[in-house]
Amino acid sequence: MAGSTTKTVHDIFQSMEYGPSSSSTATAQAWLEHQSRALGLFVDGKFVRPADRQTCNVTDSSGGTVCSTVCAVEDDVSLSVSSGASGFKAWSALPCHLRAKTLLRLVSGLQRHGQCLSELCDLAQSPSSPSALVRLLQYYSGWAQLRDSLIPDWTPRGVVAVVVSDDCSLYFLMLKVLPALAMGNAVVAIPGVGTAPPALLLAQLFVEAGLPAGVLNVVTGNVLSLGSKVAQNPHISYVTYSGNKKDGEMLCRATAGMGVPVSLSLSLGATCPFIIFESADIDSAVDGVIETAFKKNRECQWMLCVQESVWDSVVARLKVRMAGMKSVPLLAEGDRRLVDAAVQEAQQQGATLIQPCPPPSSGPTYPPTVLCGVAPSCPCVVTPSPGPLLPLLSFRSHGEGITLGNHSPHGQAASLWTEDLTLALEAAKSLSVGSVWVNSHSVMDPSLPLSGHKESGNCIDGGKEGLFQFLRPSSSPPLPRSSPASVDYSKFGMAASAAIIPEGSNSSSTPRSYLQYVGGKQCKSESGSSVCVLAPGGAVLAYCPDGGRKDVRNAVEAAIKVQPGWMKKSPVARAQSLFSLAETLALKKRDMAVSLHSQTGLSLEEADMEVELSIAQLYDWAARCDKERGGVPPVPQSGSALSIPEALGVVGVVLPDSSPLLSMVSLLAAAVAMGNAVVMVPSPKYPLPALEFIQVLQSSDLPGGVVSIITGGRDQLTQALANHSVIKAIWYWGSMEGCQFLQHTCASPLKSLWLHCQEEEDGGRDWAQPHPSLLEEMWRQAVQWKTVWIPTA
């Protein structure tokens, strides 16, 4: 028709413009009007709006006010946690099928109110798909039904605090709230500003579905302040956080010493590689990177890595694909300055730009921009700005592409594009990230674990693996609460060890002097000093090296040389090494029993029994090497997904005083069986069993460097382990001050922590009678998870 403005299919494919989207928010506006656009807290099953509270405005993309939320204070926190404690008693007492029934009822409620929820998320700039939330509910209602049958011998923690930062979406909030509820916990949720309105609506729908009052409470306000206040409450058993790294670190440090475990999922702001190999379908890969890199609300930042042989082809397609794109709104007013500075710095370092249009002279918008030819060390790659910027880097070989993908300190996810399945699987295995998408991106399902590697978190969400953060072994008592001690973090571990024997002293009439074990060799400590080892009666029994920071450094250097090869060994090969270790220990059983007897005062019969149990533990973990594997769970999307447990890397283990040989062997075997290397610090009170065990290690076929044993002051060596950037996890038995120091220090660089206060636990667990759930807990502490998505259509 003449003069018609209707576009033909040919016109649409020529322009490649996005179609119009529905912008109606009438349903959400009606709900907000019903709440007078002033949202209160959700406590004890109802909305409450305390008097004399400050408020915070929730704004839309144009800067207009959507509604206000209450800024909770300490009294509100106490009320919500007390309500949670009462709700937990009722909720945890219900049979599994009744908890599952309640969650399933919410599915129908969410389907009825999905439009309102979706509109609220869009208004508050925190988009989440109602269908994705329905999938979460369906999945976790199944686990609520099956908890007792498929996860026996585990019990809910109690009242759990779920904290998310202001820039975190509703999906990631519910990815923690729903499994916590499914396992029988009560939850105090602290959403960010944008997530607060839909979270409050969901809490209302939960109660309408039959959730007992107090089981889910939603408290709004300053996330960091409230997170710290909630952690101080003695009824809180666990704190889990999702969001950006800066706020996560601050929360860890603010809660150090409170006696409550804190886990972090640091997906926001992470730099993730988007790797295009020469064997890729270039058109599909470029479409994929446009879809994910320039979304307004991204969960991560992307860097595009392209093989040199297809560089020109990719750049040409990017220019065509971006030609019709428009400037996008930035999330905050101050982001424009950061984006301008990042672009200017990249250009000064030689980058060229691909932009669909010049950026406006001012204002909170910016066009999608590709920074071509930046170096891996450029700030826009290492610490990306919060705008629509995409660094573009090149690589020559497949190996160089994987190295480039591992360059980032983050390890959240990666997207690989290749038609070569062998290359895809090899690259997926080699990348140090938690999720790998092959010829796809941003695909998630609650049936698979979402685990950040490196600086992207120490928490596992999703899948059966993500449930265990909300459970504790039934045979293990709840962790005791404490108040932070007065700890000078800068001076912790700096005091000299007691009863030091300086190098060169006359030792002609002294008892035996032992050596420590580093890199497969016995050696003195770098300090050259020794400390006294006392018998139960107080007499000097022996001398052992007084290790320190340099000894830890040497042990870690030896470990990182051998651990990658040890991890790549087949499970059967690792099992054979542990069988060899067990057989060697059996040959030295009598000597080990005598050492235990003289050091600890145990009778020879009791010492013999501890050695026998240690041998049994080695056999047990050898048998587990090829049994504890991941799987291929069914997923609703077309294709397949792999769930793979991987070694952490180098683990520092500060051993307990109780059962000095058995505890050491149990922890060593668990870590080594999964492909880790360990740096072990024996009990300062009873170090001789560990030093005698060195002969067993030397006689076995375990590669040198996989296990190092360093003796000395517990605090000094704990401080050295905590400050070493290569060590990925620390398992600690020691003082309350030591636990507090580790929680504070290991927030950056981030480490996984497994902490036990001996002062409160009276020596800790019963190592002689390990419950199956305790063994499983040990195994889960020794691995991290990787998900690989492989689409078929």
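The model is predicted, so to speak of a local feature takes a pLDDT of at least 70, side-chain atom pairs count only at pLDDT 80 or more, and totals for chains, interfaces and linings use all residues. Residues are numbered from 1 along each chain as its sequence is written, and side-chain values use heavy atoms, with hydrogens and water left out.

**Aromatic rings**

Let's start with the rings. A search of the whole structure turns up 15 aromatic pairs. Rings of Phe, Tyr and Trp (its six-membered ring) pair if their centres lie within 6.5 Å; planes under 30 degrees apart count as stacked, over 60 as edge-to-face and the rest as tilted. Two of the pairs involve W733, and here they are:

| Pair | Centre to centre | Angle between planes | Type |
|---|---|---|---|
| W733 and W754 | 5.5 Å | 70 degrees | edge-to-face |
| W733 and W767 | 5.6 Å | 55 degrees | tilted |

Helices (H or I, at least four residues) and strands (E, at least two) are DSSP runs, numbered from the N terminus. As for the other pair, W767 lies in the loop between α25 (758-761) and α26 (772-781), while W733 is in β35, so this pair ties together parts that are 34 residues apart in sequence.

Are these tryptophans buried or exposed? W733 and W754 are both buried, where buried means under 20% relative accessible area, exposed over 50% and partly exposed in between (1.4 Å probe, protein chains only). W733 has a relative accessible area of 0%, and W767, at 5%, counts as buried too.

Elsewhere, ring pairs link F274, W302, W417 and W437 into a cluster. There are also arginines over rings: R157 lies over the face of Y238, 4.6 Å from the ring centre, and R624 lies over the face of W621, at 5.1 Å. A charge sits over a ring if NZ of Lys or CZ of Arg is within 6 Å of the ring centre and within 35 degrees of the ring normal.

**Strands**

W437 from that ring cluster belongs to strand β21 (residues 435-438), which is covered on both faces: S435 and W437 on one side and V436 and V438 on the other are all buried. Strand β20 (residues 413-417) runs parallel to β21, and four bridges join them. A413 has S435 as its bridge partner in β21.

Over at β1, three strands form an open sheet in the order β1-β5-β4, with mixed pairing. Its edge strands, β1 (38-39) and β4 (55-59), each pair on one side only. Two strands pair if DSSP finds at least two bridges between them. Five bridges join β4 to β5 (residues 65-70), and these two run antiparallel; T55 stands opposite V70 in β5.

**Helices**

How far does helix α18 (residues 571-587) reach from its first C-alpha to its last? Its 17 residues reach 25 Å, close to the 24 Å expected at 1.5 Å a residue (the expected span is 1.5 Å times one less than the number of residues). Its buried residues include R574, L578, L581 and L585. Among the elements covering them are α17 (549-568), α19, α20 (604-624), α21 (660-673) and α22 (688-699).

In helix α19 (residues 589-600) you'll find S595, which counts as buried at 6% relative accessibility. Leaving aside its neighbours within four places in sequence, S595 is in contact (heavy atoms within 4.5 Å) with L688, P689 and E692.

**Cysteines**

The structure holds zero disulfides, a disulfide being a pair of cysteine sulfur atoms within 2.5 Å. The sulfur of C56 is 5.4 Å from the closest cysteine sulfur, in C71, so it is too far for a bond. C56 is partly exposed at 23% relative accessibility, whereas C625 is buried at 0%.

Most residues other than glycine have a negative phi, and most peptide bonds are trans. A cis peptide bond joins S748 and P749, with omega about -5 degrees; P749 is in the loop between α24 (736-745) and β36.

D153 has a positive phi, near 70 degrees. D153 lies in the loop between α6 (130-150) and β6 (154-156) and is partly exposed at 36% relative accessibility. K454 has a positive phi too, near 55 degrees. This lysine lies in strand β23 (residues 453-454), and K454 is partly exposed at 25%.
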